Amino acid sequence: MSKFNLAIHHISLIVSDTEKSLYFYRDILGLQQTERPNLPFPGAWLQLGEQQIHLLELENPDPTSGRPVHGGRDRHVALTCSDLSPVKEALDNSGFRYTLSISGRQALFCRDFDGNAIEIIERPKPE
């Protein structure tokens with residue numbers, strides 16, 4: 001626990017097209033879209049457990065090409081799932097490429113349409 005009892009509330013990702021990004025995060029990964037205030041730029045908020053991902057449709061100051069192929073060697077957001085197999089299947093069926101974790105964990109790394117790296121880790125099964 002942190003000195004001030006800090007916890008992650010949300011992370012924000014810059015995207016070039018909110019609707020296109022919703023296809024990845026909502027329709028493929030299954031995150032639930034939630035209410036978003038009327039902000040002066042397009043975007044969307046997605047709920048996963050007590051945390052959120054905020055998609056911000058803004059001009060991206062970061063390069064979208066020339067990034068490492070394996071997202072584990074780049075800034076990334078890590079999510080967990082109960083079973084990695086259906087995630088792989090959904091990514092395969094949608095044509096999204098991914099790499100498996102080189103650590104030996106049941107995990108993969110993929111990128112959204114804008115090059116944001118996402119790690120998805122299978123939670124250990126209860127014994």
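How many disulfides does the count come to, and what surrounds that result?

Author: This is a predicted model, in which local features need pLDDT of at least 70 and side-chain atom pairs count only at pLDDT 80 or more, while totals for chains, interfaces and linings use all residues. Residues are numbered from 1 along each chain as its sequence is written, and side-chain values use heavy atoms, with hydrogens and water left out.

The count comes to 0 disulfides, a disulfide being a pair of cysteine sulfur atoms within 2.5 Å. Cysteine 81 is in no disulfide, and the nearest cysteine sulfur, belonging to cysteine 110, is 11 Å away. Seen from cysteine 110, the closest cysteine sulfur is that of cysteine 81, and at 11 Å this is too far for a bond. Cysteine 81 is buried, at 11% relative accessible area, and cysteine 110 is likewise buried, at 3%; here buried means under 20% relative accessible area, exposed means over 50%, and partly exposed lies in between, with a 1.4 Å probe and protein chains only.

Turning to the rings, the count is 4 aromatic pairs, where rings of Phe, Tyr and Trp (its six-membered ring) pair if their centres lie within 6.5 Å, and planes under 30 degrees apart count as stacked, over 60 as edge-to-face and the rest as tilted. Phenylalanine 96 and phenylalanine 113 form an edge-to-face pair, with 5.1 Å from centre to centre and 65° between the planes. This pair links distant parts of the chain, 17 residues apart: phenylalanine 96 is in the loop between helix H2 (84-94) and strand E6 (98-100), and phenylalanine 113 is in the loop between strand E7 (107-111) and strand E8 (117-122). Helices (H or I, at least four residues) and strands (E, at least two) are DSSP runs, numbered from the N terminus. Phenylalanine 96 is buried, with a relative accessible area of 11%, whereas phenylalanine 113 is partly exposed at 38%. Both belong to one aromatic cluster, formed by Tyr23, Phe24, Tyr25, Phe96 and Phe113.

As for isoleucine 14, this residue is found in strand E1 (residues 10-15) and is partly exposed, at 22% relative accessibility. Its C-alpha atom is separated by 9.7 Å from that of glycine 115, 101 residues apart along the chain. Leaving aside neighbours within four places in sequence, isoleucine 14 is in contact (heavy atoms within 4.5 Å) with Leu56, Leu58, Glu59, Asn60, Pro61, Asp114 and Asn116.
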